[in-house]
Amino acid sequence: MTDPVSDRPRPIFPTLQRLYRPFDTTAETVLRVVAGALLVTHGFGKITNPFGAVGMVEGLGFYPGVFWSPLLAATEFFGGIFVAIGLFTRPAAFASMIVLLVTVYVHGIVKAEGLAGAEKSILWAAIFLYFAVRGSNAQSVDAKLGRQI
């Protein structure tokens, strides 16, 4: 049975709602900031050498590598910043999710590592899917601007 006001399942122990409810937005913000910040750190090496991954991306079939390598670097680095601060959250999270789905393919199929090689990328892709669909929350730059895509 769901709570008609929030569309959430009714809690088994209603008194615990006072404990959980104040942390709803904060927990979501922590997930967004951590996911974005970790993507920034992952993309930092690429952004400092944006053409360093040309051979890798061409090896995966993305031609020309001089186009895709800097795009990969920018998506990881700047996309991570945008997600972390909650600015243009949906498009930044969507682009990040696409990059991570490619890494799922690379590790799971191309490198034949299966689930063991792709599981972190699957988890990351799911996190960014959440923010691509959900957008940011009240604790974001998008909310301060009063708009989001």
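Glutamate 28 and arginine 134 join their side chains in a salt bridge, 3.2 Å from N to O. Glutamate 28 sits in helix α2 (residues 24-48) and arginine 134 in helix α6 (residues 114-134), so the pair ties together parts 106 residues apart in sequence. A salt bridge here is a side-chain nitrogen of Lys or Arg within 4 Å of a carboxyl oxygen of Asp or Glu. Helices are DSSP runs (H or I, at least four residues), numbered from the N terminus.

This is a predicted model: local features need pLDDT of at least 70, side-chain atom pairs count only at pLDDT 80 or more, and totals for chains, interfaces and linings use all residues. Residues are numbered from 1 along each chain as its sequence is written, and side-chain values use heavy atoms, leaving out hydrogens and water.

The structure holds two salt bridges:

| Pair | N to O distance |
|---|---|
| Glutamate 28, arginine 134 | 3.2 Å |
| Lysine 46, glutamate 76 | 3.0 Å |

Lysine 46 lies in α2 and glutamate 76 in α4 (residues 65-85), so this pair links parts 30 residues apart in sequence.

Burial uses relative accessible area: buried is under 20%, exposed over 50%, partly exposed in between (1.4 Å probe, protein chains only). Glutamate 28 is buried at 11%. Arginine 134 is partly exposed at 37%. Glutamate 76 is buried at 5%.

Other buried residues of α4 include Leu72, Phe77 and Val83. Their cover includes α2, α3 (54-59), α5 (89-110) and α6. Just after α4, glycine 86 takes a positive phi of about 80°.

Key
Helix = DSSP H or I, 4+ residues; strand = E, 2+ residues; numbered from the N terminus. Contact = heavy atoms within 4.5 Å.
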